[in-house]
Amino acid sequence: MIGYIFKRILQALPVFFGTTLLIYFMVFAMPGDPIVAMFGDRGVNQAVYEQLRAQYHLDQPFIVQYFIYIGGIFQGDFGTSFSGQPVSEVLAATFPVTIRLALMAVFFEMLVGVGVGLVAGLRKGKLFDNSSLVMSLLLISTPVFVIAFVFQFVFAIQLGWAKPTVSGDAGFTELLLPAIVLSTLAVAYIVRLTRSSVIETSGQDFVRTAYGKGLTRSRVVRVHILRNSLIPVVTYLSIDFGVLLVGATVTEGIFNVPGVGRTLYQAIIRGEGPTVVSFVTVMVLIYVAVNLLTDLLYAVLDPRIRYGK
Amino acid sequence: MANNTSGGAMDRPANRNEHYVANLADTAMAEIDAVRISEKPTNLYLDAWRDLRKRPMFYIAGVLIIIAAVAALFPGLFTQTAPNDMCLLANSNGAPTDGHPLGFTRQGCDIYSRIVHGTSTSLSVGLIVTVMTMFIGVVFGALAGFYGKWVDALLSRAGDIFFAIPYILAAVVIMSVFSDYRNVWVISMAIGIFAWPSTARVLRGEILRVKQSDYVMASTALGVSRFKILMRHVLPNSIAPVIAVTTISLAAAIVAEATLSFLGVGLPTSTMSWGNDISQAQVDLRTAPQVLIWPSLALSITALAFIMMGEAIRDALDPKARAQR
C-alpha cells in the first residue's frame, strides 16, 4: 500500500510540473501589458514601469519567470497579485467558501441522486424509472447557466424563497440555491449510475439467496442491494467533489459567490498571471490528491481490489 | 451431401487422390460447413445496427439531429426572415406577432430566425471539436494502450496534464490569448485541445482489454507486424465505446461553446450563436424571460438529441446491456 501511494505521488510529479508550465505559458502568451493595465487610463511613468517590471520579474525570459515562481511556491510564497495582495491571502479567503459550497452540493447529490436512482432501479421500466430517465437526460443537456438563471428567476425572484445573489460572507442559507444548481448535473449522472448499478446488483446470485432465505424486501434492499451498488457511486461522488473544489466558474459568477471559480475567472480576464497560476497550482494539487484518495477508497470499499504487488 | 459452394482449394487435393483422409464434402462435417456458409455474415456492428433500429430513442434522436443539420445547412428552408435585417427597436423584447412566432430580442430582432441561423455555429463547433478530440484521442489512446511501457507512461501523463486543468477555464485562457481572432475555428480549438484526454482514456482501457484476446495472440504467432495487428485487429475491435463517448461529447462541445459565449470570451457578438443570444438575454431575465428561454431550449434539445443518440449507440454496441434489456 505504501509503495503504491509512493508510486502514485511519483507519477503525479510530471503532471504537476507539466500543468503549471502549460498554464504559465498560456497566461504568459495573453496579450496586453498587465502593468499598463494596472494604471488604467492615466498612463504610467517610465521609471515606475521599469521598476515594477523588475519587481514582478517581467523583464526575465519566460522559463526563468516560471522557475522563480515555482521556487517561490516550494517556499510557501504564492506570489503577489497585481493589486498588491499576496495570492495566499486570496486563496485563504476564497477556498473556504468554495469548500462549503462543494460540500453542500455533494450532500444534495447523495440525497437526491442515490434516492431517485435506487427507486428507479428497483422499479425498472415503470413510470417513475422512465420519467427520472427523461429528467436526468434533460438536466444533462441543459447548460448550467440556463439552469442557474431559471432557478434564480423562479425561486429567488418569483417565489422569493432565497436571495438571488450571495453576500460577501456567503453564509449557509445563502449558499443553498447555488449549491442545488451546482449539484443538478451530477445528480443526473448519479441517478443513472445508481440505477444501472442497482439493476446489475439485483440480478446477482447473492440477492436471490437473500430472498431465498426469507429476508424481507426492505432488508435485502438496504443491506444487500444498496450497499453493493454504492461502490461506483461513491467513486463518482469523490471525483465530483474534487471537480467542485476546483470551482464552478459559471454558478459562482451568476450567484456572485466569492469563491475560487469566480476569483479565478476574474483573474484570467484581467490577465493577472500570478493569481491564475497559483490557483491552478492548488487545483492540480487537489486534483492529484482526490484521484489518489478515490483509488484508495475504491480498494477499501471493494475487497476484490488490492493495490501493491 | 452436395457441397458445391465450398472452395476449390478443398477439392483439388481430393481430385489428385493425394491424401488418406476422407474429402471434407464426404464427411458429416460438410453439413456444419454448409450451414455456416449459407448464414448471413454478422459482426458487432451489424448486430448493433439491427439492435439500434428497434430503439425508439434512436429514431427520436435521429430525426432531431437531421432537423438541426438541415437548419444549419439551409436556414432558408425554415425562415424567410433574415436574422439581422428589419430589427426594429420598437419591437424590443416584443411579444410574438404574425410571422414572428417567438417574439423579438432586446434589439428587436426575430428570435425564431436567430435560432435557425444560429444552428450552424453550434453544430460546426460541435463537429470540429469532435473530429479533433477523436483524432488526438484515438492516436494517443491507441498508442498508449497497445504499446504500453514508456509509450504509455509518456502519453498517459501528457493526457493527465491536459485533464487536470478544468477545460472551461483552460478555454477561457486560450480565448483570452486569441482575443483578436475569435471565430468558430479558434473556439473549437480552445475546447478541443483540453477535451481529448477522456476519449484517449476510454480507448486505452478498451485496448488493454482487447490486447489480451486470442486472435491477437494468433496474429502475433503468425508473424503479423505489431502495427498491422493494432490497425487491423485491435483498433476495430475497441473503437465501439469511443463512438458512443464521442457522440455524447459532441453535445458537451455545443454546451461549452455556449458557456464560453456566456462568459464573454466566446464568439464575437456579430456571429450568430445561441450562446451569444442567451448571454445577451440575461440582462432582461426579469422582464422578458422568453428571450432567454427559446435559444436555451434550442440548445438543450440539440444537445439532448446527441446525448440520446450516443446512449442508444452505446447500449446497442454493448452486448451486456443488450442481454439485460
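A crossing of two helices is called left-handed if the near helix is turned anticlockwise from the far one by less than a right angle, and right-handed if clockwise. By this convention, helices H5(B) and H14(B) form a right-handed crossing. The model is predicted, so that local features need pLDDT of at least 70 and side-chain atom pairs count only at pLDDT 80 or more, while totals for chains, interfaces and linings use all residues. Residues are numbered from 1 along each chain as its sequence is written, and chains are lettered from A and ligands numbered from 1 in the order in which they are written.

Helices here are DSSP runs (H or I, at least four residues), numbered from the N terminus. H5 (residues 111–147) and H14 (residues 289–317) of chain B pack at an angle of about 35°, with axes 10 Å apart; axes are lines fitted to C-alpha atoms over the stretch in contact, and angles run from 0 to 180 degrees between N-to-C directions. On the H5(B) side, B:Ile111, B:Ile115, B:Gly118 and B:Ser122 take part, meeting residues of H14(B) that include B:Trp294 and B:Pro295. Two residues are in contact if their C-beta atoms, placed from the backbone, lie within 7 Å.

Turning to the two chains, 32 residues of chain A are in contact with 33 residues of chain B. H1(A) gives the most to the chain A side, with 8 residues.

Within chain A, an automatic or database domain assignment gives domain 1 (2–87) and domain 2 (90–301). Their C-alpha centres lie 32 Å apart, and 24 residues of domain 1 are in contact with 15 residues of domain 2. Here too H1(A) gives the most to the domain 1 side, with 11 residues.

Key:
Helices (H or I, at least four residues) and strands (E, at least two) are DSSP runs, numbered from the N terminus.
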